[in-house]
Amino acid sequence: MNNLLSAFRLATLPAETNSFRAEVKAFLKSSLEPMPADIRARSWMGFDAAFSRKLAARGWVGVTLPARYGGASLDAFSRFVLVEELLAAGAPVSAHWIADRQSGPLILKFGTQAQRQCYLPKICAAEAFFCIGMSEPNAGSDLASVGTRATRCEGGWRLNGRKIWTTNAQHCHYMIALVRSSGVPQDRQKGLSQFIVDLALPGVTVRPIRDLAGDAHFSEVFFDNVLLADDALIGQEGSGWAQVNAELAFERSGPERVYSSIVLLEHWITCLRRSPHASAHAATIGRFATHLATLRNMSIAVTAKLVNGESPLVEAALVKDIGTEFEQSIPAVIEAAIAMDPDAPVDAELYRAVAYVSQVAPTYSLRGGTREILRGMIARGLGLR
């Protein structure tokens, strides 16, 4: 237990990231049109290919990828700063988000040289958007039981099955799918592989799913006898489980697991500054600030491990689990605060923002691994199971 907890001692960003932060702030100030809080609150679900291309023109998509592939060759600390500022501003980052955060690094680490040369420059130019093919209707968060299957055939592989809750599949060019390439679902982690699937291929059908907030960023994706070339396989056949866990460390460790509700919190504080009853909420704001500072420190500590070439699976799971609780508490607390004084006028922008975040907040403990899956990982990391 001490080994795990020691990973979260006080951590700070390197001093050289300060100048980069100032550069990002200046870019966002000049590049983003004023938007109400309920739109900015959609930040990492906001799909805007034009904005992603603006970022790419600055070298800020694929920011940690090597310059020889079009990246900026910056470290994970710089990406932390970039993501922090993008989310705080409510920038629409969804178009390039998955490719920048995990698909690009995954291809860099496990892909062939031909795959790197093909896909990474497109990612860095915001010309190729990726989605994640993990969850399935009958598997949920139990990725080891996925049933979508790739079968060897003349010319490559035949892919059959389906994926669900795939973010932005209807807008993306490619999916990195975790599928079974040998054995049966009862074999669990054995026989799983990852493939790059061109979503324009014959036999691929994408059906958007509209959620309670009226958005359609999730999709169900069907594969009907889709022919994949041999070079669609990432890494070694059968190594998909180890690879997907390395990928999930990138997904679970960043500041996006702390800042999903930050626009709402910031706008509520702005509204309180105009309220004669602001002092009644001072303790609540103080608790939020304390929790945020602690979670930010934990996330930076995990980022430091990534910079050192480590794969902090358990540490990232812990940050994601605690961070999700913080993110989900924000709309609940703000709703309760509004209800405390039903006769007080409510800022219409705040009302729309809290309504949206309240509707989507339950998904925070689903994406990137459910609370139950993460706590099982943490328990094993602590030697409790």
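Rings of Phe, Tyr and Trp (its six-membered ring) count as a pair if their centres lie within 6.5 Å, with planes under 30 degrees apart called stacked, over 60 edge-to-face and the rest tilted. The model is predicted, so local features need pLDDT of at least 70 and side-chain atom pairs count only at pLDDT 80 or more, while totals for chains, interfaces and linings use all residues. Residues are numbered from 1 along each chain as its sequence is written, and side-chain values use heavy atoms, with hydrogens and water left out.

**Exercise 1.** Determine how Tyr119 and Phe130 are arranged, and where they lie.

Solution. Tyr119 belongs to helix H7 (residues 113-124) and Phe130, eleven residues apart from it, to strand E1 (residues 130-133); helices (H or I, at least four residues) and strands (E, at least two) are DSSP runs, numbered from the N terminus.

**Exercise 2.** Find what Tyr119 and Tyr174 form, and state whether they are buried or exposed.

Solution. Tyr119 and Tyr174 also form an edge-to-face pair, with 5.1 Å between centres and 85° between planes. Because Tyr119 lies in helix H7 and Tyr174 in strand E4 (residues 174-180), the pair ties together parts 55 residues apart in sequence. Both Tyr119 and Tyr174 are buried, where buried means under 20% relative accessible area, exposed over 50% and partly exposed in between (1.4 Å probe, protein chains only). For Tyr119 the relative accessible area is 12%, and for Phe130, likewise buried, 1%.
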